[in-house]
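Work through the two exercises below with the structure open. Each task is followed by a stepwise solution.

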Amino acid sequence: MMTSNNRALAGKRIVVKVGSSLVTKFGQGVDMGAIGAWAKQIAQLKQQGCEVVLVSSGAIAEGLKRLGWVKRPSEIHALQAAAAVGQMGLIHAYEVSFAQYGLVCAQVLLTHADLADRERYLNARSTLFSLLEHQVVPIINENDTVVTDEIRFGDNDTLGALVTNLVEADALVILTDQKGLYREDPRKNPEAEFVHLETAGNPELEKMAGGAGSAVGTGGMLTKILAAKRAARSGAATVIASGHEPDVLVRLIAGESVGTFLKAPVGRLVARKQWLADHLKVKGTLLLDAGAAEALRTKKGSLLPIGVVSCEGRFQRGELVACMSPDGREIARGLVNYAAGEVAKIARHPSSEIGSILGYQDEPELIHRDNMVVMS
Ligand SMILES: Nc1ncnc2c1ncn2[C@@H]1O[C@H](COP(=O)(O)OP(=O)(O)O)[C@@H](O)[C@H]1O
Ligand SMILES: N[C@@H](CCC(=O)OP(=O)(O)O)C(=O)O
């Protein structure tokens, strides 16, 4: 069934999250068949111009199996040990499966602390963008080895949403063992009505969601609903669908109505502007020359160091700075890629000289267009 509600995701950036129950056949061991099917679909998506980031659970479930532990331990260190063992199996399975379609994949392990820290957040973002640029499929999981209870994401639905925000994806696709969201847990009420389309963040959704459906899943539907709400903060839609559905990803990006579609209340740009305006304090100013001011205003370009005359304030990489035109008006604000001391050194220089001046180069832009809001 084709739909008219703008579900088509062809050519878009998509984060796909796969849960433990799917990846490990409810703890029986890595499901090569399922992983092979997703790899094949992701290869098709990439041929259609999509960029795909995969968030995969299953390390703990696979580790328990490999260690021969029948009962899931409650101590966090034992779970961490299991995750370290199981992650090997996951990555091996993905590597072998993607290689069949000529695709290279990469392991990226993240913690909550990595994404809460502005600099590490930007570093993770740059690495992921670089992987996507090189046609690599990043496979992300929580870095279970180093997390404690207080700083755990705890569930990969939340991690999937944060990664969606991080890479500014157009959609988060959560594949699970149900066809999507029902008005009640279908395990408790098999007659429960299916939810096809809703708005992410609608508080009614949280009331529908129950806990995990299997011994290996962790968050149940609630973490998926909350993940959709979080993904919507950067303007991304969320789809919750069954990972067993044949060609689910290919059909989704073609605009077919599969699973539950949770649309974002506002678009990406509006969401980004709201976020910049609401969440961050301006930590410094950059004085631009006339050419740079014009480029930001009319050509929708990024800000390069050559167009910056001087800077004020003690800002760090990743903090918010205001961009002033030569006549002293604020024309834009954005997240700066270099700290104040570095900006002072590279101002008025072409990007090609950043490396020789600083001894390294993070990005050629001082502020990337994606991280900038231009005043109207
Ligand atoms: N309203 C609901 N609609 C659909 N599934 C629900 C609902 N409430 C609870 N669930 C349960 O959520 C489970 C999926 O979550 P979870 O077990 O954490 O899976 P995953 O490993 O894919 O993250 C389903 O098996 C289902 O039993
Ligand atoms: N990092 C953990 C994630 C656990 C988790 O969130 O599981 P799930 O609810 O199945 O997505 C693992 O790989 O086992």
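**Exercise 1: a lysine and a glycine**

K224 is buried, because 28 other C-beta atoms lie within 10 Å. This is a predicted model.

Solution. 
1. Start with the record. UniProt, in an unreviewed entry, places the feature "binding site" at several positions, including G219 and K224.
2. Locate the two residues. K224 sits in helix α9. G219 lies in the loop between α8 (203-208) and α9 (220-232).
3. Check burial. The cut-off for buried is 20 or more other C-beta atoms within 10 Å. G219 has 22, so G219 is buried.

**Exercise 2: strand β4**

Task: Is strand β4 (residues 137-142) enclosed or open? Which strands pair with β4?

Solution. 
1. Count buried residues. Six of the six residues of β4 are buried, so the strand is largely enclosed by the rest of the structure.
2. Sort the side chains. In a regular strand they alternate between the two faces of the sheet. In β4, V137, I139 and N141 point one way, and P138, I140 and E142 the other way.
3. Take one partner. Strand β2 (residues 51-56) pairs with β4 in the parallel sense over two bridges. V55 stands opposite I140.
4. Take the other. Strand β3 (residues 105-110) runs parallel to β4, joined by six bridges. L110 has E142 as its bridge partner.

Terms used: Residues numbered from 1 in each chain as written. Chains lettered and ligands numbered in written order. Predicted model: local features only at pLDDT ≥ 70, side-chain atom pairs only at ≥ 80, totals over all residues. Buried ≥ 20, exposed ≤ 12 C-beta atoms within 10 Å, placed from the backbone. Helix = DSSP H or I, 4+ residues; strand = E, 2+ residues; numbered from the N terminus. Pairing = 2+ DSSP bridges. UniProt positions renumbered as here; feature names shortened; annotations may be inferred.
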